[in-house]
Amino acid sequence: MCGRYAASRGPEDLAGIFEIDKWEPEETLEPDYNVAPTKEVYAVLDRPLKDAGDPAPVRQLRKLKWGLVPSWSKTPEGAARMINARAETVHEKPSYRRAFATRRCILPADGYYEWVTGKQERDLEVEGRRKRPRKQPYFVTPADGSVFAMAGLYEFWRDRTLPDDHPLAWWATCSVITTEAETAPLAAAPEDGPRSLAEIHPRMPLMLTPDRWDAWLDPARTDPDDLMPLLAPPPGGLMRAYPVTTAVSNVRNNGPELLEELEGPVEGTLF
């Protein structure tokens, strides 16, 4: 799954990476090292400009809220639960299939966090001696330092309780697509840590390699059979994972220190 990630790159950097044609300075976000559900995040998408009179899609950097609200929802209350869409079923689930067909985006990140229950803690849990095991957070990121381009979907939802000219009348929301975690060895695995992403968690965000960006963002591609191959996992061995401070577990903590690599897991959370 993906329940927390880091996104520190600014719009100028992202514009160069993704060849952005349009972004609004007033939508600039501060670097966020602890992105949690319902926060505003950057998304790359291809879409005609509003009121431009030209139907041609334009590569844009937009600000969306993480937690998808389907256009047909009566209320946005379920957004916090719809942060992830499974790659295996995204084409058929009512909440995601329309967005999968026509509203796909890329959510740029530095990487994502995942929490691992240490072996000693798991053993205690199995024995029934501890009900709430301590967990060690790991940060998963491209080994070469490149952007972690997560496959995403976006939707627009109209709040019918507000007038058309109200600034909150429309919600723009998104969801991260996840896939089965890689079982291949990590590019750089700590000696006393997990050797693969699957040892950290059975799911992972679907990372799109640059050769898939244009096809994924193309709104003219609407046939699910044509799109499904784009959901194939990336080649193995592109990622590394390392332990980070448990401070990241509190969403109120936010800063580059959350990404600092620890020499090993915190005592009591050994893998």
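**Notebook: strands, rings and pockets**

I began with strand E10 in this predicted model and noted that Phe148, Met150, Gly152, Tyr154, Phe156 and Arg158 point one way from E10, while Ala149, Ala151, Leu153, Glu155 and Trp157 point the other way, and that all are buried. Buried here means under 20% relative accessible area, with exposed over 50% and partly exposed in between, for a 1.4 Å probe and protein chains only. In a regular strand the side chains alternate between the two faces of the sheet. Eleven of the eleven residues of E10 are buried, so E10 is largely enclosed by the rest of the structure.

On conventions, I number residues from 1 along each chain as its sequence is written, and side-chain values use heavy atoms, with hydrogens and water left out. Local features need pLDDT of at least 70 and side-chain atom pairs count only at pLDDT 80 or more, whereas totals for chains, interfaces and linings use all residues. Strands (E, at least two residues) and helices (H or I, at least four) are DSSP runs numbered from the N terminus.

**Partners of E10**

Which strands pair with E10? I find that six bridges join E7 to E10 in an antiparallel run, with Ala109 opposite Phe148, and that E10 and E11 pair in the antiparallel sense over seven bridges, where Phe156 has Ala172 as its bridge partner. Two strands count as paired if DSSP finds at least two bridges between them.

**Around E5**

I then looked up strand E5 (58-66), which pairs with E4 in the antiparallel sense over eight bridges and with E2 in the parallel sense over two bridges. Gln60 of E5 stands opposite Leu45 and also opposite Lys22. E5 and E11 pair in the parallel sense over two bridges, and here Lys65 stands opposite Thr173.

**The open sheet**

Next I traced an open sheet of five strands, in the order E3-E1-E8-E9-E13, with antiparallel pairing. E3 and strand E13 (239-243) stand at the edges, each with a single partner strand, so one side of each is left without a neighbour in the sheet. The twist averages 30 degrees from one strand to the next, with axes taken as lines fitted to C-alpha atoms (for helices over the stretch in contact) and angles running from 0 to 180 degrees between N-to-C directions. Within this sheet I checked E8 (residues 111-117) against E9 (residues 135-142), which pair in the antiparallel sense over six bridges, and Val116 has Gln136 as its bridge partner in E9.

**Aromatic pairs**

How many aromatic pairs does a search of the whole structure find? The search finds nine. Rings of Phe, Tyr and Trp (its six-membered ring) pair if their centres lie within 6.5 Å, and planes under 30 degrees apart count as stacked, over 60 as edge-to-face and the rest as tilted. I looked at Tyr112 and Phe148, a tilted pair at 5.8 Å centre to centre with 45 degrees between the planes; this pair links distant parts of the chain, with Tyr112 in E8 and Phe148 in E10, 36 residues apart. Tyr112 and Phe148 are both buried. The rings of Phe139 and Tyr242 have centres 5.9 Å apart and planes at 65 degrees, so this pair is edge-to-face. Phe139 in E9 and Tyr242 in E13 are 103 residues apart, and both are buried. I also noted that ring pairs link Tyr113, Trp115, Phe139 and Tyr242 into a cluster.

Last, I turned to the largest pocket, whose volume is about 810 Å³. Of the 21 residues that line the largest pocket, Glu27, Arg62, Lys63, Phe156 and Ala172 are the closest to its centre. E5 gives the most to this lining, with six residues, and by class the lining has eleven nonpolar, one polar and nine charged residues. Ala, Val, Leu, Ile, Met, Phe, Trp, Tyr, Cys and Pro count as nonpolar, Asp, Glu, Lys and Arg as charged, and the others, Gly among them, as polar.

A pocket is an open set of points, on a 1 Å grid over the protein atoms alone, where a 1.4 Å probe fits, with protein on both sides within 12 Å along at least five of seven lines, and lining residues have an atom within 4 Å of a point. Grid points are joined across faces, edges and corners, and a volume is the space filled by probe spheres set on the points.

The second largest pocket holds about 180 Å³ of space and is lined by 17 residues, of which Ala7, Leu29, Glu30, Asp32 and Tyr42 lie nearest its centre. E4 gives the most to the lining of the second largest pocket, with three residues.
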